[in-house]
Amino acid sequence: MTLVTKPTDGDTKWFVKDRFGMFIHWGLYALPARHEWVKQTEQIPDDVYDQYFKHFDPDLYDPEMWAQAASNAGMKYFVVTTKHHEGFCLWDSELTDYKCTNTPYGKDLLHPMVDAFRAQDMKVGFYHSLIDWHHPEFPIDALHSQRRNPDIVEINKKRNIKKYAEYLHGQVRELLTGFGKVDIMWFDFSYPDITWITPYVDGIPTLAGKGKDDWQSEKLLKMIRELMPNVILDDRLDLPHGWDIKTPEQYQPREWVTDEGQPVVWEACQTFSGSWGYHRDEASWKSLDQLLHMLIDTVSKGGNLLLNVGPTGRGEFDVRALDRLNGMGEWMQRHNRSIYGCTQAPLEFKAPEDCRLTYNPDTKRLYVHIFAWPFLGFYMDGFADRVEYAQLLNDASEVKFKKVDDSGEHKNTLRLELPVHKPNAAVPVVELFLK
Ligand code: GLC
């Protein structure tokens, strides 16, 4: 039996087949190159942060190369930050001057990107920040870059969140009307409950967080569904309904993600190194094996993986990112059959030690991903009468199997024979054709 997920308003049919997408975090923060939250963590005042606006000139930007790199890695869709928390916009929005066309670069970045990824047959997603540390009507709150400004009370008196919400809605309208079909709309994020924020300096009042009333999420949702009924919506608008996907961030869920006890369509978002924006000095880059394990583990629990690249201020994917994308692509070239169209295996199939299972319900094939290469073979309980044929996916070489005698808890067990040496694949996969 396979799990049935909660129905979605957005079209998730393609999404749960495609499984693997590219997140792109790009903005002015590529220049300081020390995390996309740098304005907040270092509490950089607007006039100082302006230097990045004045020097933003990604002269090597080549969206065709980006799209090619994503597609070669086996990714089928992309989600790009149209605006991140810093407030800077990657398109020529009519509602602000704080946009790429007013930087030394002087041109729109988003249209060419959308065109380039579409040309690679990839679906298009927009990440749009609800938070805005630049907009003059966005009241300063506990997360704001100016949260320790002694004049907060006075400043906030002059700020009107309703005007900000109008701006937000207006920009979403631009994004959903100016770029053709948008497949995913990914908002980030709500924080109505701020108790987890560090204590404030003396004399500065407790500042409320922001959520659905601030964003006017109900109204926004209505507009989105009118403009783009089938768009996939993430779950960060602080609404109990209306969203299509859950979005666990920077961790691997233990099992299929649920909401009120029911499995949902979900997508893990992960970074290569910790930061989403380009971070020059970060040393915590994941290995190719870890990244592949992440992708496989996600699909084995019925989810998608959105893996992030933070392009540089020159407009390139840096060599560490390209290195991992190439490695993933090499694996995907021979193993994507165990990812695309696949999901969690029916519950009666238990994964052998050090393995993850995925299953394609259309072809009825089961995929055993072997994370640690065993000695000469492995056992699968409960399988003996289910398998018609087995092969290694990397080279279609036969994997012999035989039923072994039942013993103790091990019933109806198959033993699959493997070579001593691990095949030339980062994660070898055995493909089982079920009867
Ligand atoms: C977060 C962070 C952020 C990143 C995002 C991706 O909530 O604020 O910088 O864009 O998650 O999921």
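The legends below describe several close-up views of one predicted model.

In this predicted model, local features need pLDDT of at least 70 and side-chain atom pairs count only at pLDDT 80 or more, while totals for chains, interfaces and linings use all residues. Residues are numbered from 1 along each chain as its sequence is written, and side-chain values use heavy atoms, with hydrogens and water left out.

**View 1. The largest nonpolar core holds 99 residues.** A nonpolar core is a set of buried Ala, Val, Leu, Ile, Met, Phe, Trp, Tyr and Cys residues joined through side-chain atoms within 4.5 Å, where buried means under 20% relative accessible area, exposed means over 50% and partly exposed lies in between (1.4 Å probe, protein chains only). The members that touch the most others are Met22, Trp26, Met113, Phe117 and Phe126. With 7 residues, helix H7 (residues 161-177) gives the most to this core; helices (H or I, at least four residues) and strands (E, at least two) are DSSP runs numbered from the N terminus. Because domain 1 (15-338) and domain 2 (355-434) both give residues to this core, it lies between them, the domain bounds coming from an automatic or database domain assignment. A second, separate core has 23 residues, among them Cys355, Leu416, Leu418 and Leu434.

**View 2. The surroundings of Trp26.** When neighbours within four places in sequence are left aside, Trp26 is in contact (heavy atoms within 4.5 Å) with residues including Phe56, Pro58, Tyr61, Trp66, Leu109, Met113 and Pro311.

**View 3. A cis peptide bond joins Asp188 to Phe189.** Omega of this bond is near -15°, and Phe189 is found in the loop between strand S4 (184-188) and helix H8 (212-215). Most residues other than glycine have a negative phi, and most peptide bonds are trans.

**View 4. His35 has a positive phi.** Phi of His35, a residue other than glycine, is near 95°, and His35 has its place in the loop between strand S1 (20-24) and helix H2 (38-41). His35 counts as partly exposed because its relative accessibility is 24%.

**View 5. Gln216 also has a positive phi.** In Gln216, again a residue other than glycine, phi is near 55°, and the loop that holds Gln216 runs between H8 and helix H9 (217-227). The relative accessibility of Gln216 is 24%, so Gln216 counts as partly exposed.
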